[in-house]
Amino acid sequence: MSTAPVPMTKADQATEEGLERLVPPRNSATLVAETTAWWALDISAARSTIAAIARGDGPVHWVEALLAGVTIADIDDNNLHFLGRAGGRARMIGQPFTAYCPPESWQIGAEFILAAVANHPPGAPRSRAITSIAFRDGWAEVSTDEAHPDIVFIAVGGTVADDRSFWSVRASEERYRTLIHHLPGALLQVDSRPMTAIFDKLRQDGVRDIGVYLDAHPDLVGHSRGIVQVTDANRDALKLFGADRVEDLIGPVNFLFAASVDTAKRVITAHFAEQRTHAETTKIYTFDGRLRDVEMAVTYPTPPERVDVTLISLIDITDRLRTEAQLRQLQADYTRATRISMLGELATSIAHEVNQPLSAIVTNAETSLRWLSRAEPNLPKVHQLTTRIVDSARHASEIVQRIRSMAARRPPERIELDLNEVVEEALQFVRHEIESRSIKLSVRSGRRLPLVLADRVQLQQVIVNLLLNGVQAQSGQEGLIDVSTLAALDGTVQLTIHDGGPGIANENLGRVFGSFFSTKDDGIGIGLAICQSIITAHGGTIVAANHPNGGAIFRFALPASGKK
């Protein structure tokens, strides 16, 4: 079975005729900073298409039609490095130009061929600046040679930006793009290079603290939101913002900071300070107007990384924050219910506490009336008694206010407190319980305690609960409660309560702060669990142990606020 002979290409003819290579081996040994890569293209099969295009009756898709008749006659070593695949030069020669030229360069190649072969359109440029993966400040030019009328030479050059081959770069970028688009979480690729020139100018002008500068020139924040561009986004970013296409997110980053201008300011500040990353919790608006809470992390490029790629990751935490708020509310309700239950246990003490000023008011009022009923009223004495009545009334009011504060539904309010003062206030609730059971109370207050940042009512609740536990542990017997405060060497402020009861069974030491654990028949086991949650929420710790001389010890430690 015979086969038709394969038509000989111009390159084959040149080889058979012993002619020199069509393209000189420029920079063939090594790549240098300024590099030129050459094509020699055989356009003999495209002549009719070129003529039709020049006459104005060429095909609609003229670029593809013209290049369909263009093959590779020769290449130089640099072009082989950048665009050659496995098999080298021999495999490329005779192949279609489009098999090796990147599709984004087809239009330029076709226009160059028309200009060189048919001067179409008249006076068409034979050189131009180009954007290339391989070259920075790239350029391209076309020329012909009378000795080879069907050969068009195209040279591409510039400063080498990436000396990997086009195919390895393209494969690398495709792997990167695939990874970005399938990573969990919203990711935006941003080109923040326009800020570089602005930062350089500010530094030249002596600006060192850009935060202060932005306060004085807030228009720069708005300007930056317009010139910094989103260049790519993954599918989770589309879902987060409610966009249909990636193109909806491409463009200025203005939409990203519409809900929080201060976030844009902090991102600029971190970039100016040449930080590697910046992270914060902020808010964004979706395209349909919803306000979402997000954790934003910005990763800035550093040389030799691609300086046009700043990555912004966004994690939607709206539902998580809502759930946390609900949990905090449940805990607040739970804590308040415990306080009310505790106040119920103190009903007798509260009644006794309130009864004292009320009895004093009655006694002083009756005595005052007797002095007034005399023939000659003793007004100085009445004045003295009336003053006592006012003082007793205020005392009663303070007791009621203290009880109302303990039972009220209110958000926690952390202020700087003196732990000794809070201990004294808490003792007012339980002093009658202690005295009525003949329990000896010892209070040793540490001197010059640092202040603690805490909620007064919650801290009172912890102390009252621990005191009540100590009182109830000594039911039916004379005992003791020792309360002491001190400033520890580790920077914390500590409270210790030691009771004279039987102590805590060893098997229960690790369980006393567990929810619903109680050694009392009528106990529901939430008091100590609430104490632990309150102290932990304040950044402190609470422990329970047995004293070597008997009884239980409860100790909590809170971080000092830094002031005394």
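Student: What should I know before I start?

Tutor: The model is predicted, so local features need pLDDT of at least 70 and side-chain atom pairs count only at pLDDT 80 or more, while totals for chains, interfaces and linings use all residues. Residues are numbered from 1 along each chain as its sequence is written, and side-chain values use heavy atoms, with hydrogens and water left out.

Student: How many helices and strands does the chain have?

Tutor: Helices (H or I, at least four residues) and strands (E, at least two) are DSSP runs, numbered from the N terminus. Here there are 18 helices and 18 strands.

Student: How do I read the span of helix H12?

Tutor: The expected span is 1.5 Å times one less than the number of residues. H12 covers residues 261-272, twelve residues, and reaches 17 Å from its first C-alpha to its last, close to the 16 Å expected. Just after H12, Glu274 takes a positive phi of about 60°.

Student: Which residues of H12 are buried?

Tutor: Buried means under 20% relative accessible area, exposed over 50%, and partly exposed in between (1.4 Å probe, protein chains only). An α-helix has 3.6 residues a turn, so residues three or four places apart point the same way. In H12 the buried ones are Thr263, Ala264, Val267, Ile268, Ala270, His271 and Phe272. Across the chain of 564 residues, 41% count as buried.

Student: What do the buried residues of H12 pack against?

Tutor: A contact means heavy atoms within 4.5 Å. The partners of those buried residues include helix H8 (194-204), helix H10 (219-227) and strand S9 (277-285).

Student: And how do I read a sheet?

Tutor: Two strands pair if DSSP finds at least two bridges between them. Six strands form an open sheet in the order S8-S7-S6-S11-S10-S9, with antiparallel pairing. Strand S8 (251-252) and S9 stand at the edges with a single partner strand each, so one side of each has no neighbour in the sheet. Inside this order, S6 (residues 186-191) and S7 (residues 229-233) pair over four bridges, and Val190 stands opposite Val230 in S7.

Student: Is Leu369 buried or exposed?

Tutor: Leu369, in helix H14 (residues 347-372), counts as exposed because its relative accessibility is 57%.

Student: What about Thr386?

Tutor: Thr386 is found in helix H15 (residues 379-407) and counts as partly exposed because its relative accessibility is 36%. Its C-alpha is separated by 7.3 Å from that of Asn364, 22 residues apart along the chain.
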